[in-house]
Amino acid sequence: NKTFEFTSFNSIPFIGHSMLCIDYSNQLYHEVDQKIRDIPYNLSIGFNSGFWGYSDWLPTLEMVLAIGSPPMLLTSYSLSELDDDLDCIEEELPNTHKNLKYLWGPEENPLKSLMLRKCQAIEPNYENHSWICLQPLIEPPHLECKQEDELTRLRNKEDQGVEETSSGDPLTVSVTYSLHVAAVLCKYGVPKEKHLEFLKDLSS
């Protein structure tokens, strides 16, 4: 493993500077030390990985696409190769595949390289020609159903609103309802930054 450090000085004098550290390893992700895998991250990226042709990738894919993991961005040299990658996930990791949704793609990447690769492929190949972003479910499907049931019961109770509160104060009902919804979302592991979205959907 190697670590590269980059220092960027703030444009305002005497404020200090920020440090960007990049850890590099030639190991597959599932092979690296557990301490490194425990470091939180927001996105995993596979540039032109072509994992459809390498079975060594499968344990890593199963790990980074597990339920509750951040999104994964995949690129490929062509759209057909990206289809091969997706077929690989579906066929080799069916339990993982059924818990994925597509945030976008598969489609041509507007930021792809314009330089044609020299290779024997029938289809023209370009670096990062096509891409897709996969989002694992936040939680198992059966938990999502239970969560939805609890939120529906709360919404039905809130619809009765003022009739159920002795104070007759709609604000009291609204605040109490919001706290109950937040408790349900926390129970099922929904990130706090997503709570407001659920409240907006439920109140619509």
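## Basis and overall layout

Because the model is predicted, local features need pLDDT of at least 70 and side-chain atom pairs count only at pLDDT 80 or more, while totals for chains, interfaces and linings use all residues. Residues are numbered from 1 along each chain as its sequence is written, and side-chain values use heavy atoms, with hydrogens and water left out.

The protein has seven helices and six strands. Helices (H or I, at least four residues) and strands (E, at least two) are DSSP runs, numbered from the N terminus. Along the sequence the order is β-β-α-β-α-β-α-α-β-β-α-α-α. Of the 204 residues, 29% are buried. Buried means under 20% relative accessible area, exposed means over 50%, and partly exposed is in between (1.4 Å probe, protein chains only).

## Strand 6 and its partners

Strand 6 spans residues 130-136. Seven of its seven residues are buried. In a regular strand the side chains alternate between the two faces of the sheet. Here Ser130, Ile132, Leu134 and Pro136 point one way, and Trp131, Cys133 and Gln135 point the other way.

Strand 6 pairs with two strands, strand 4 and strand 5. Pairing requires at least two bridges found by DSSP between the strands. Strand 4 (residues 72-76) runs antiparallel to strand 6, with five bridges. Leucine 73 stands opposite cysteine 133 there. Strand 5 is also antiparallel to strand 6, joined by six bridges. In that pairing, lysine 101 faces glutamine 135.

Leucine 100 belongs to strand 5. Its relative accessible area is 14%, so leucine 100 is buried. The C-alpha atoms of leucine 100 and leucine 134 are 6.3 Å apart, across 34 residues of sequence.

## Aromatic contacts

A pair of aromatic rings is described by the distance of the centres and the angle of the planes. Rings of Phe, Tyr and Trp (its six-membered ring) pair if their centres lie within 6.5 Å; planes under 30 degrees apart are stacked, over 60 edge-to-face, and the rest tilted. Phenylalanine 51 is buried, at 1% relative accessibility.

Tryptophan 104 and tryptophan 131 make a tilted pair, with 5.1 Å between centres and 55° between planes. Tryptophan 104 sits in strand 5 (residues 100-108) and tryptophan 131 in strand 6, 27 residues apart. Tryptophan 104 is partly exposed at 33% relative accessibility, whereas tryptophan 131 is buried at 16%.

## Charged contacts

Side chains of opposite charge can pair when their charged atoms come close. A salt bridge is a side-chain nitrogen of Lys or Arg within 4 Å of a carboxyl oxygen of Asp or Glu. The count is two salt bridges. Lysine 112 and glutamate 108 form a salt bridge, with their closest N and O atoms 2.7 Å apart. Lysine 112 is partly exposed at 22% relative accessibility, as is glutamate 108 at 45%.

Glutamate 127 and arginine 117 form a salt bridge at 3.9 Å, N to O. Both lie in the loop between strand 5 and strand 6, so the pair ties together parts that are ten residues apart in sequence. Glutamate 127 is partly exposed, with 32% relative accessible area. Arginine 117 is partly exposed at 28%.

Arginine 117 also lies over the face of tyrosine 77, 3.7 Å from the ring centre. A charge sits over a ring if NZ of Lys or CZ of Arg is within 6 Å of the ring centre and within 35 degrees of the ring normal.

## Backbone exceptions

Most residues other than glycine have a negative phi, and most peptide bonds are trans. The bond from glycine 105 to proline 106 is cis, with omega near 5°. Proline 106 lies in strand 5.

Asparagine 48 has a positive phi of about 45°. Asparagine 48 is in the loop between strand 3 and helix 2 (58-64), and is buried at 12% relative accessible area. Asparagine 128 has a positive phi of about 55°. Its place is the loop between strand 5 and strand 6.
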